[in-house]
Structures are given as structure tokens and as C-alpha cells.
Amino acid sequence: MIPSETTRNILNFAVFQAGWLICILYPGMPAASLVVGLLILHFVLVSQKRMSELQFIGLGTVLGASLDLLWFRTGILAGTEGEVLLTPPWLVAIWAIFMTTLNHSLNWISRKAWLPFVLAPIAGPFAYWSASKLGAVTLPELLPSLVALALGWLVVFPLLLFLRKSLYPELQQ
């Protein structure tokens, strides 16, 4: 494990960005598999409370992937290759690698109670819009999709921080 918190946070953010970009540019099982490797790298070099963090990442990944599936099934999101019956593995991988940031590089957001409610409805939809511009997903009705994504992130992001605080207090920094 890297001793410097700053170095761990920088590495965590870089690993997340790399995983997100790989999955968006090459959506498919190979990208998801590569993210598994990035998660292992995270656990070796960044994570300090591995079992608790693994459980938290698992919980958040299930919640996030379920939310994405809801968005696919309701037409807020659409796959580029037809109907989506299950959340694609590459999108599940993005949720897993994203969850690592809540304990490290994005932990600062949880220090102000109001901040998740301001940033999440902007940053979350921006990530999906960016993914649509890079061809990974489509937003069938742009404005309604962005509004629904904003509302979803307004709920899910603070919920994830609440679950971390309530169920995994040892992950609080």
C-alpha cells in the first residue's frame, strides 16, 4: 500500500478515469475484465480497509447497476446494439471502479452535507452525456433523459454516502 494519502488519491482518480474511458471507448467484456485488473491494483496500492471497502463497492455496484438497468428498461438510456435486458458488464465495471472513488479521491464531497446534492445531479448526467457522445450509450430523448439522470443521481449519490457512513463507518476518513 502507498503510504501517502495524496498519492493514493491521485492514483485512485487516475485509475478510475482510465477504467471509465476504457469502458466507454471499448464497451464490452474485455473492457470489464480490464477494470477487474484495475480494481486489484486499487486494492493492492490504495485501499486501507480492504474487506470493508470490497463490501461497500459490491453494495454500490449492485445499486448503481440496478439503477442503470431501470434507466435502460424505461427508455431513459438506450444501448447502441438494441434492447438491453441486463446491465452490460462494462457498465457494471464502471460502477465498481467509481465506487472506489467515494472512499478516496472523491471523499472530499462527503465533508459538506449539501455538496453531494449540488454536484451529483450535474456530474452524473454529464458522465452519461459524455458516454453518449463517445458512442457507448444513447440518450433517446436528450432533455428528459438528462433530467431523469439528474434526479437519479440526486438520490443515489447521497444514498451511497449515507450507506458508507451508516454501514461502513471505518471507511470514513
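Begin by selecting the second largest pocket of this predicted model, which has a volume of about 240 Å³. Grid points are joined across faces, edges and corners, and the volume is the space filled by probe spheres set on the points. Lining residues have an atom within 4 Å of a point. Sixteen residues line the second largest pocket, and the closest to its centre are Gly-79, Thr-80, Glu-81, Pro-88 and Trp-90. Its lining divides into 10 nonpolar, four polar and two charged residues. Here Ala, Val, Leu, Ile, Met, Phe, Trp, Tyr, Cys and Pro count as nonpolar, Asp, Glu, Lys and Arg as charged, and the others, Gly among them, as polar.

Residues are numbered from 1 along each chain as its sequence is written, and side-chain values use heavy atoms, with hydrogens and water left out. Because this is a predicted model, local features need pLDDT of at least 70 and side-chain atom pairs count only at pLDDT 80 or more, while totals for chains, interfaces and linings use all residues.

Next, colour the chain by pLDDT, the predictor's confidence in each residue, from 0 to 100. The protein chain averages 96, and 99% of the residues score at least 70. Confidence is lowest in strand β1 (residues 78-79), at a mean of 90, and highest in α4, at 98. Helices (H or I, at least four residues) and strands (E, at least two) are DSSP runs, numbered from the N terminus.

Now select the largest pocket, with a volume of about 570 Å³. Of its 26 lining residues, the closest to the centre are Phe-16, Phe-98, Ala-123, Gly-124 and Ala-127. The elements that give two or more residues to this lining are α1 (5-25), α4, α5 (115-133) and α6 (142-167). Which element gives the most to the lining of the largest pocket? It is α5, with nine residues. The lining consists of 22 nonpolar residues, three polar and one charged.

A search of the whole structure finds nine aromatic pairs. Trp-95 and Phe-98 form an edge-to-face pair, 5.8 Å centre to centre with 90 degrees between the planes. Rings of Phe, Tyr and Trp (its six-membered ring) pair if their centres lie within 6.5 Å; planes under 30 degrees apart count as stacked, over 60 as edge-to-face and the rest as tilted.

Buried means under 20% relative accessible area, exposed over 50%, and partly exposed in between (1.4 Å probe, protein chains only).

Then display the largest nonpolar core, which has 47 residues. A nonpolar core is a set of buried Ala, Val, Leu, Ile, Met, Phe, Trp, Tyr and Cys residues joined through side-chain atoms within 4.5 Å. Those with the most contacts inside this core are Trp-71, Trp-90, Phe-98, Leu-102, Trp-153 and Phe-157. The elements giving two or more residues to the core are α1, α2 (29-45), α3 (50-74), α4, α5 and α6. Of these, α4 gives the most, with nine residues.

- Select Ile-94 in helix α4. Ile-94 counts as buried, at 10% relative accessibility, and its C-alpha atom is 8.2 Å from that of Phe-16, 78 residues apart in sequence.
- Select Leu-77 in the loop between α3 and β1. Leu-77 is buried, with a relative accessible area of 2%; the C-alpha atoms of Leu-77 and Leu-146 are separated by 9.6 Å.
- Select Phe-72 in helix α3. Phe-72 is buried, with a relative accessible area of 9%.
- Select Leu-119 in helix α5. Leu-119 counts as partly exposed because its relative accessibility is 29%; its C-alpha atom and that of Leu-154 are separated by 8.5 Å.

Methods: On a 1 Å grid over the protein atoms alone, a cavity is a set of points where a 1.4 Å probe fits but cannot get out, and a pocket is an open set with protein on both sides within 12 Å along at least five of seven lines; lining residues have an atom within 4 Å of a point.
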